[in-house]
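Here is a friendly walk through a few parts of this structure. Have a look at the model first, and then we can go through it together.

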Amino acid sequence: MAESVLNSPDLKDLEEEELWDLINDNRHAISLGVRPCVLIPYLRQARVLTDLDEDEILTCLNFTNRGMKTSHMIDLLHVKGHNGAMALLEGLMIHYPALYTRITGRQPSIEPSGFSGLINYTELTEYLVRAVSSMQTELHVARNEAARLQARCCELQGKLEQAQQNNKELSQMQGEHARLRSHLDGLNRELLKLKDEKCDIYVRYTTALEEKSATIVRNRDLQLEISQLQHELKKAQKVTDFERQRSLKNPSDTQKLRDELNAVRTKLLETEMLLPVQQDILAHDLKEVENRSSELAVEVSRLSEENIRLQQEKEELLEEKDCLALEVEKLTVDCEMYQHRSTLFHSQLEEVQTERDKAYLSRDEAQAQIARSLAEKDVLRGQLMELQARVFAMKACSKQRERRENSRDRKFSCDNRRGSCGEFPTSSPPPRRQLCRLNAVLPESFNSFDACEFNDEATNNQVEPPCSESPRRRDLPSRSDMEDIYRSQDSLNFDHDYVFISKGDSFDESKSPTSLPCSTSRKSPNDSDSRASAPPFLMRSRPQALRITGRVHTVFFQGEMILNQIQVIGGNKTGVFVHHVAEGSSAHNTGICPGSQIIQLKYEREQRAVRMVLEDTTMEEALWALGQVQGPCHITLRPSQDAYESLLQQLKNGEVKSGDSFYIRVNMTMQEDAAGTLAVRCNDIVHVTDTHQSIDGSWWASHVHPCHLEDLKSGSLPNYYSAQRLLIGALEDMTYPRKAQRKEKTLSHEKQRAPRIVITSQQSRNPLWVSVEENNTTAQDSDGCVPSRCVTLMPYTLVSPRFPPICRPVLLLPTMLGRVLHKRLAEQDGYQLCEPELLMASEHAIQMQKGEILEECDSKTHLCYTLQGVEKIMKRGTHCVLPLGLDCVRRLHRAEIFPIIIYIMSTERSLRKLRQKLRQNVLTESQVLECSCSEEPLLDKLPCLYQSIPPESWHDSATLIDTLKTVVTEEQRKIVWVESDTW
């Protein structure tokens, strides 16, 4: 290699192409290892580059790195030919000797003979001197930097050892913390076991107490039965003694009669044994005696009759005396029995009082124990929070130290990379913003929220506060010194349903990332976009934390053909849930998942904001509402997986057909057909359990047991609109009957009840629906006209069940016929006539304002029927007979009093049976018929059902009263169905 170098010609003797071949062969190494800012001064001195070339190389924006700049510099030198190549090699010989030797195979030399002569000797000497001085300066700076880095390295080595020591201590503390955590978990598990055992003991104790109480009750019942049997035994003994005494009197009387009979027989034998003379004398005496005896016989007969009468009276008095004595003995036995019962009751009452005192003492002890447990729990919670605070602080210090070390390392690396060439350094990406914990919300600040706004964000988490009766209400002192720790730490994994609250911190609605959930209560149309303010949060026992019982979030997405994107199940009873979401749809990309309950829906239609609350709507209404969306929409959801799975399980087991459940009153008669339509009559109560039973929109419904909430026969039922068309057709047929229909009408059709006409002032698509809430207050079309469709005629009306706990009042109609029967019915057992009360002027004004006056008899004297009078009679357990009209029904309903309304159907033939009663009340048959005809249409307008009595079911006043009593007994057992106000 040395021989080849010595034998090779001088570079100055080489041709231009040979020189550039050497350079191009090593062009990649030159581009990577040479900095243009080092060689450009020499190249400028050699006059192969100009100042414009220098500016182009160093400042052109197209050259983004050093290699591109070096390559462009070589291209510019290639244009200069042989001089450019020699100048480049000489610059490499001076500044990059190793690279020069690699390219040329020669050792670098600074002898003047080794240069090409592009620069004169003086300028070359000056340049070399400057280059050497600059290199010495750089070497001195590099040595100083190396010394400083060595010192910094020693310092960092010490800090590293300290950090390792701290890391060991931290690992030890973490291990201790994990041990304490595991120990705490074990204690918690033991506590839960103890709680479970305690609950089991409580359950067994409660069961034992119930069994004891049942045994005591059974014992008392047996004692009562024993006392009752003893009482009956004593009575039977008394009756037996009485009968025995009577039976002993009869043998003495029989013996007397036998003695008299024997005496008479003896005298008769003596008379038969007399002589004939004596017989003549006796015959003569007999005639005289017979003459005298005729007179005495009359007297004897009179005296015997009187004697018989006195004997009868005596016997009656004796029997009465014996009966009275028996009654006295019975009453004595009853008195003794009641005294014994009273003694038992007093002893039992004392036992109950003793048990009550023991229960009070045990309750106080339990409350004290609970208070102590809560205090201990709060102390342990405080210790846990302090330990967590220490962990937070240590982690915060560790993270800050790591950030400082990382920043210093980046600074040192940037200093090492920084060169003296004046190039623009490549800007490093900005550091990621550190995650921070959200500021919590003060409970008091929730009172300032009045409305729920829809945001344009994809998701918006909302918090639903617990109710005011939440068991988590406990006021504990807050810890304001934990505020900075909670805000600075983001490494501890708390439950997402906790929000930390800082003491004295205020909440700004415009800065909060979350908003309160909308209230699900209904509102008036004038306030369709605002909701009632939510109740404030109630503090848990854990300081600075609130437990969130549920989450409500609102999503925004494109809702075209929303029913093709999601499938829903449910109804008004369970809520409407998302059942299936089509993959790849807008709803799926937004994050809607099955199991979410749809709370409300908001969108724009014809430049109007429409909001539909779907929380308690039927399936039919929910499908209609979702089908109306034809663009962007906001949908509010609440995750409710438990309720969704419960509904799926019920559907799978066949317990329910859907999530719908409501009761309606049918206002028309519909016959059963081959398609399985349920046969219903006017005023029937029907339980609807599915509003989307088939494609034609029919409902699935069942008849309801009159005394229990039990479904009977089931079948399909036309929906609201189909039934409305049937009702309109029935009314048209009644108003304008066709000739063919007149001929085909049979007797069974004539006996069917006419439809019940019910209208409403609610101008909406469906009076049974409650979801549509628009900004405008009318349901008009865009041109300002009311829809031509008839929506005021109601084939069905919503009803709700009532269960009156006491005897209901009785209202008899017609009113004139009721005046005849009121007093007669009130004389029966369990009935009492309501009497008017005389009120003072002030009392009359107050009760009139409260609506407690049912009817005024005389406005001048303020003689009125009041609610208090009706309630007094009802509290006695008797039926109050109301001598009032139909106007009192709604007033009674407002007071939760539901009267039994009985309408007595009247005809001229039936009223003839009561002609005498009508004359006593100065009434005529025509007046009663006129009153009946005027009041019968008003019965269909009542918000409740009534019972009719046909005229052929009674034939006089006595049987009519019996029929009324039977009807009242039957109606008292039935459920009361009340309609909602349709106006």
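## A parallel sheet

Strand β16 (residues 810–813) and strand β22 (residues 900–904) run parallel and are joined by four bridges. Helices and strands here are DSSP runs numbered from the N terminus, with at least four residues of H or I for a helix and at least two of E for a strand. Two strands count as paired if DSSP finds at least two bridges between them. Within this pair, Leu811 stands opposite Ile901 in β22.

Both strands belong to an open sheet of five strands, ordered β17-β21-β16-β22-β23, with parallel pairing. At its edges are β17 (831–833) and β23 (947–949), each pairing on one side only. On average, neighbouring strands of the sheet are turned by 30° against each other, direction ignored.

## How to read the model

This is a predicted model, in which local features need pLDDT of at least 70 and side-chain atom pairs count only at pLDDT 80 or more, while totals for chains, interfaces and linings use all residues. Residues are numbered from 1 along each chain as its sequence is written, and side-chain values use heavy atoms, with hydrogens and water left out.

## Helices on the sheet

Helix α21 (residues 867–875) packs on the sheet, where it touches β17 and β21 (879–882), and its direction makes about 145° with that of β21. Helix α25 (residues 925–939) lies across β16 and β22, running at about 140° to β22. Such angles run from 0 to 180 degrees between N-to-C directions, and axes are lines fitted to C-alpha atoms, for helices over the stretch in contact.

## Two crossing helices

The axes of helix α19 (residues 815–826) and helix α26 (residues 957–973) come within 11 Å and cross at roughly 70°. That makes α19 roughly perpendicular to α26 (65 to 115 degrees).

In α19, Leu821, Arg824 and Leu825 meet α26 residues including Ser957, Leu960 and Lys965; contact means heavy atoms within 4.5 Å. The residues of this contact divide into six nonpolar, one polar and two charged (Ala, Val, Leu, Ile, Met, Phe, Trp, Tyr, Cys and Pro are nonpolar, Asp, Glu, Lys and Arg charged, and the others, Gly among them, polar).

## A hairpin

Strands β12 (residues 699–704) and β13 (residues 711–717) run antiparallel, joined by five bridges. Together β12 and β13 form a hairpin with six residues between them. Trp700 has Ser716 in β13 as its bridge partner.

Notes. Angles under 35 degrees count as roughly parallel, over 145 as roughly antiparallel, 65 to 115 as roughly perpendicular and the rest as oblique.
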